[in-house]
Amino acid sequence: VGARGAWSYYRATADVEFLQWAYKVTKNTLLRAKHEVYDEKMGLFKGCSSFMESCSGYPSKYCTEGETPGELVAQTKALSTNALYYSGYKIAAYMGRELGVEEGEYITYWDNAEMLRHSIRRHLWLEDKGYYAYFIDENDELINQFEGLGEAFVLLDGIERNHARINSMFANITLGKYGLPCLWPKFDHDEESTKNNIFYWYHNGQLWPFVQGYYAMAAAKHGRTDIVAYSLEALKELALMGKTYAELYRVDGTFPQDRRRQLWSSTGFLAMIYQGLFGITYDVDGLRFAPNKPGSIFLHDILLRDFKFRDMILDIVVMGSGSKVTKFVVDDVEKDQHKGSYFVESSLRGRHTVTIVVEEEAK
């Protein structure tokens with residue numbers, strides 16, 4: 001998680017001194033994890049889900065006492081956690097290359113990432129469900145639940161590249177009225193008798209807005225404008241009902257009042273706007289654009305004003321609807337693709353206007 005944030009920060013700021021520190025920390029973290037929690041037999045990392053650490057997010061056998069799972073859960077291998085290690089290896093490679101380290105050093109991280117990707121695809125895919133399993137248990141058996149954040153990472157980070165599997169995931173992952181559950185189906189816990197203790201229910205099939213944000217970005221990457229539209233509408237409705245973005249919601253849209261103001265939930269919605277709707281991706285040498293504009297909710301042109309990146313301020317206009325870019329214009333000058341995407345160089349200074357025309361992809 002820290003590596004993802006650090007790499008994002010560097011791409012936004014070009015702070016080399018920070019990157020040097022972050023690369024050292026990332027390398028040491030990966031080395032320690034490989035030594036302490038790596039399962040050589042399966043080629044996967046052990047440990048609970050990346051953020052679901054409460055008893056509510058696991059079958060009862062993992063919680064013999066207290067509010068958090070015991071030692072048994074440490075023998076499981078969770079989808080989202082392994083997806084984060086995969087991205088950690090990739091980011092270490094990006095960092096090393098950016099800092100000019102020896103090629104052999106950063107190539108090793110690429111190789112480790114690819115080996116882990118193949119292990120995830122081999123061991124965590126549920127063929128009969130058409131999505132990835134939440135985790136592999138201590139007996140190396142797949143659990144039938146899916147994990148919303150893990151599925152999003154698989155789609156967003158390029159772990160799954162097979163079109164049939166990708167389409168299957170979008171078709172079979174359950175979406176509720178107000179969003180994607182953190183896991184589904186729910187575990188059969190006695191939530192009524194423990195309803196006053198949030199740790200016994202808040203990870204069991206609840207809605208976490210930041211998870212929806214990642215899923216929307218993943219959908220945008222694959223041109224699923226329909227899911228981008230669904231995600232925007234779902235989180236908009238939650239915000240309107242409660243006049244806030246809470247940490248989590250029940251499937252009916254209600255939420256615990258002591259969790260009513262959460263920054264990561266708000267940024268989940270903002271990520272949908274910046275990275276999904278307007279399709280902005282930070283890169284080390286500039287900004288890349290791949291908008292997803294749903295015609296079902298945006299009938300007219302959309303404008304993102306005063307978007308700041310390094311020494312530039314952009315006004316970004318998206319015309320049309322869909323995800324296929326037909327025209328990309330910077331200050332009245334039409335631009336071609338750069339390295340496979342539409343691009344604004346980081347050397348740009350001052351205020352500029354970016355105009356993007358999109359249309360629906362052919363079915």
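# Strands, a helix, a loop and a pocket

User: New to this one. In β16, which residue is the bridge partner of Leu314?

Analyst: His352 is the bridge partner of Leu314 in β16. Keep in mind that this is a predicted model.

User: OK. Strand β12 and strand β16: parallel or antiparallel, and over how many bridges?

Analyst: Parallel. Strand β12 (residues 312-320) and strand β16 (residues 350-359) pair over nine bridges.

User: And how many bridges join strand β13 to β16?

Analyst: Six. Strand β13 covers residues 324-330, and it runs antiparallel to β16.

User: How do side chains sit in a strand?

Analyst: In a regular strand they alternate between the two faces of the sheet.

User: Switching to helices. Which residues are buried in helix α6?

Analyst: Helix α6 spans residues 163-172, and Arg165, Ile166, Ser168, Met169 and Phe170 are buried there.

User: What covers the buried residues of α6?

Analyst: Several elements do. The cover includes the helices α4 (103-123), α5 (148-156), α7 (209-221) and α8. It also includes the strands β4 (125-126) and β5 (131-132).

User: What happens at the start of α6?

Analyst: Look at Asn162. One of its side-chain oxygens reaches to within 3.0 Å of the backbone nitrogen of Ala164.

User: Now Ala246. Where is it found?

Analyst: Ala246 is in the loop between α8 (225-242) and α9 (263-277).

User: Is Ala246 buried or exposed, and why?

Analyst: Buried. Its relative accessibility is 0%, and the cut-off for buried is under 20%, so Ala246 counts as buried.

User: What is Ala246 in contact with, leaving aside neighbours within four places in sequence?

Analyst: Pro209, Phe255, Arg259, Arg260, Arg261, Gln262 and Ser265.

User: How far apart are Ala246 and Ser119?

Analyst: In sequence, 127 residues. In space, 35 Å, C-alpha to C-alpha.

User: How do the lining residues divide into nonpolar, polar and charged?

Analyst: The lining of the second largest pocket has 11 nonpolar residues, seven polar and one charged.

Key: Residues numbered from 1 in each chain as written. Predicted model: local features only at pLDDT ≥ 70, side-chain atom pairs only at ≥ 80, totals over all residues. Heavy atoms only, no water. Nonpolar A, V, L, I, M, F, W, Y, C, P; charged D, E, K, R; others polar. Helix = DSSP H or I, 4+ residues; strand = E, 2+ residues; numbered from the N terminus. Buried < 20%, exposed > 50% of the residue type's maximum accessible area, 1.4 Å probe, protein only. Contact = heavy atoms within 4.5 Å. Pairing = 2+ DSSP bridges. Polar contact = N/O pair within 3.5 Å; in protein donor to acceptor, adjacent residues only side chain to side chain.
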